[in-house]
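Subject: A structure for you to look at

Hi there,

Here is the structure I promised to pass on.

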Amino acid sequence: MLPLTTTGLRQLMETARHERVRPHTFFVLALLLPLNAYWVGWMEAVKWTGHPTTYSLYFNTVLLLLFFFALVELVRKVTGWTLFNQSELMVLYFGLGVGSALVGHDQSQVLLSVLGHTHYFKSPTNRYEELIFPHLPQWLVVTDEAALRDLYIGGSSVWTKQNFLAWLRPLLGWWLFWGAMLAVFLGLSVLLIPQWVRHEKLSFPLARFPLYLTDKSLYRSRLFWWGFAVPAFVNTLNNLHVVVSPAFPMMHTHRINLGQYITSHPWNALGWTPINFFPFAIGIGFLLPLDLLFSSWFFYLVWKLERVVVAALGYPTGGLGNPPYPHEQSFGAYVGLALLVLWTARHYLKATLRSLWKREEHTKFPINPAWAWLLVAGGIALLLAFSIAAGMQWWAAALFFLGYLSVSITVSRVRGEFGSPVHDLHFASPGSVMVRLVGTRPFTPRTLTVFALYYWFNRAHRSHPMPTAMEGLVIGDQLGQAKGMWQGLWLAVLVGMPAACYMLLDPYYRLGADTAQVGGAQRWFGWEAFNNYLLPWLTAEHKVNWGAIGFTAGGFLFVWLLYLLRVYWIGSPFHPVGYAISGTWSMEMVWFPLFLAWLAKALVLRYGTFRDYYNYSQFFIGLVIGDFVSGGLWNIYGTLVGREVYRFNE
């Protein structure tokens with residue numbers, strides 16, 4: 001990212017240290033969280049016209065920040081009063097970011113689908129009542145068939161007493177579970193931030209992005225506006241084609257599949273290889289470290305070549321549990337990165353534990369580390385107790401959350417070090433990976449059923465709340481507003497959980513979650529959890545898969561090998577983070593934009609000066625803002641009038 005001195009951010013941050021977060025900020029945040037949840041749910045789950053939470057930088061929160069920044073400047077010029085200061089804008093931004101993550105494509109949207117699926121879609125054909133119901137903890141799912149019928153058919157309201165209570169009873173248990181999980185995330189963030197920021201000097205590139213947006217000098221740059229104009233033109237033209245009339249031309253810049261032109265064996269094993277021209281991904285990529293950019297697209301091509309080699313050897317490729325086991329490899333890489341991070345921080349973490357028994361001022365922490373350790377320990381204990389009460393074997397629960405927290409730490413590390421636009425890890429839930437590795441015999445049917453219920457926060461990790469919360473704490477600490485940011489994030493958690501669920505249920509009940517008026521989120525995610533995973537586990541014995549075990553271990557060891565390579569080869573372009581994130585679905589979408597960003601940045605750094613890099617960076621920031629503003633405004637229009645709009649980010 002750019003140095004602070006280049007855009008006047010140092011002055012902004014120094015001014016923020018003398019500010020305070022006033023009470024009206026929290027009031028406005030509490031009001032905005034349900035509205036933002038409705039907007040995100042409408043885009044992602046209802047109309048399927050935009051998926052902000054499938055990328056690391058949420059365009060809805062960027063758009064809201066720009067709106068409040070413009071409003072603040074207008075009010076200041078007219079009245080001289082500061083409606084929101086710099087610190088308060090950051091609290092609003094990151095609070096809404098956490099709220100967006102909770103309602104996101106891989107959080108509450110999957111939760112509601114899993115909770116409502118079995119008792120509505122049961123039939124003699126799928127044998128749910130015979131195979132699943134005996135092992136299903138009924139207190140964690142919606143059992144009121146009348147309320148479910150209203151949900152899927154529509155023409156009703158979630159705010160009627162019967163429908164409201166039908167969901168409230170299981171959701172109260174899940175909110176307790178969810179709150180414990182978020183407490184663990186916040187506690188881990190507090191403990192890891194001093195190590196990562198002060199000792200390892202991670203830059204948290206995406207955390208600084210909202211600071212750039214609130215620096216007025218950025219908007220005086222011509223290069224910024226040239227960058228802004230490129231995606232604004234494309235999005236406007238394509239929306240005119242979709243919304244107004246097909247007579248307007250359309251620029252096809254998304255999902256140009258190279259795989260369709262490669263038909264000969266074994267090269268056709270490359271499969272779907274899309275080329276996308278996402279301006280926002282190119283812009284974000286230009287601001288990221290060069291070695292991580294290179295590793296992302298390079299290892300993506302390595303994964304593709306692995307498929308070709310496997311096909312040439314005569315093995316089936318694609319699907320779950322087949323060579324070259326991409327999901328298992330990636331899971332092993334994520335766990336390896338987490339252990340590498342914890343191993344690097346082992347002395348520091350021990351020191352924080354020893355300091356708990358001493359009366360010391362912990363000025364380097366956003367809050368007292370004793371509270372952070374209490375949140376982590378208490379939250380994990382509650383998660384394990386909840387899982388055992390639901391019917392999971394204690395040792396399986398311990399392994400499950402060991403894997404899940406490893407993935408969570410790695411996702412946060414990826415954002416802190418790389419600022420990666422994607423980190424999805426699709427279809428690599430710790431439960432499903434354990435079954436694919438060692439088979440079904442070690443697990444009871446109740447344990448397998450809880451694995452399926454936990455699919456809601458493990459289907460993918462695109463809208464994972466931990467990295468967003470950690471980025472907020474980092475900026476709060478740097479602005480000298482750690483306490484205000486901490487309070488804002490907890491407000492986002494407490495208001496965001498119920499808002500995420502009921503703001504999704506509201507349009508589901510009005511329009512019908514199983515009708516053509518609503519996208520497939522409520523139908524499909526639950527079907528995946530129970531039909532793709534649980535039913536095959538319960539109806540057929542799965543044996544130990546030594547190939548999957550070997551490739552999982554290989555992914556684990558390879559990230560350590562890349563780490564050691566960087567230790568002994570200064571300037572190595574191969575980064576372990578790039579390997580870990582490049583083997584999953586979302587990298588298919590952004591590998592080419594990241595390649596273009598790498599090429600542009602490499603040329604500028606090779607043949608230009610620092611001033612050239614700074615100037616061109618403003619152009620690439622303009623690409624991001626232009627894409628988000630133009631695409632976001634059209635999405636607001638679609639939300640207000642109920643129209644299909646151009647999907648600029650998918």
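By class, the lining of the largest pocket has 10 nonpolar, 8 polar and 3 charged residues. Here Ala, Val, Leu, Ile, Met, Phe, Trp, Tyr, Cys and Pro count as nonpolar, Asp, Glu, Lys and Arg as charged, and the others, Gly among them, as polar. This is a predicted model, where local features need pLDDT of at least 70, side-chain atom pairs count only at pLDDT 80 or more, and totals for chains, interfaces and linings use all residues. Residues are numbered from 1 along each chain as its sequence is written, and side-chain values use heavy atoms, without hydrogens and water.

On a 1 Å grid over the protein atoms alone, a pocket is an open set of points with protein on both sides within 12 Å along at least five of seven lines, a cavity is a set where a 1.4 Å probe fits but cannot get out, and lining residues have an atom within 4 Å of a point. Points are joined across faces, edges and corners, and a volume is the space filled by probe spheres set on them.

The largest pocket has a volume of about 450 Å³. Of its 21 lining residues, Arg307, Pro326, His327, Gly583 and Glu588 lie nearest the centre.

The whole structure holds 4 cavities of 30 Å³ or more. The largest cavity has a volume of about 80 Å³, and its lining includes Tyr58, Arg415 and Glu471.

Enjoy exploring!
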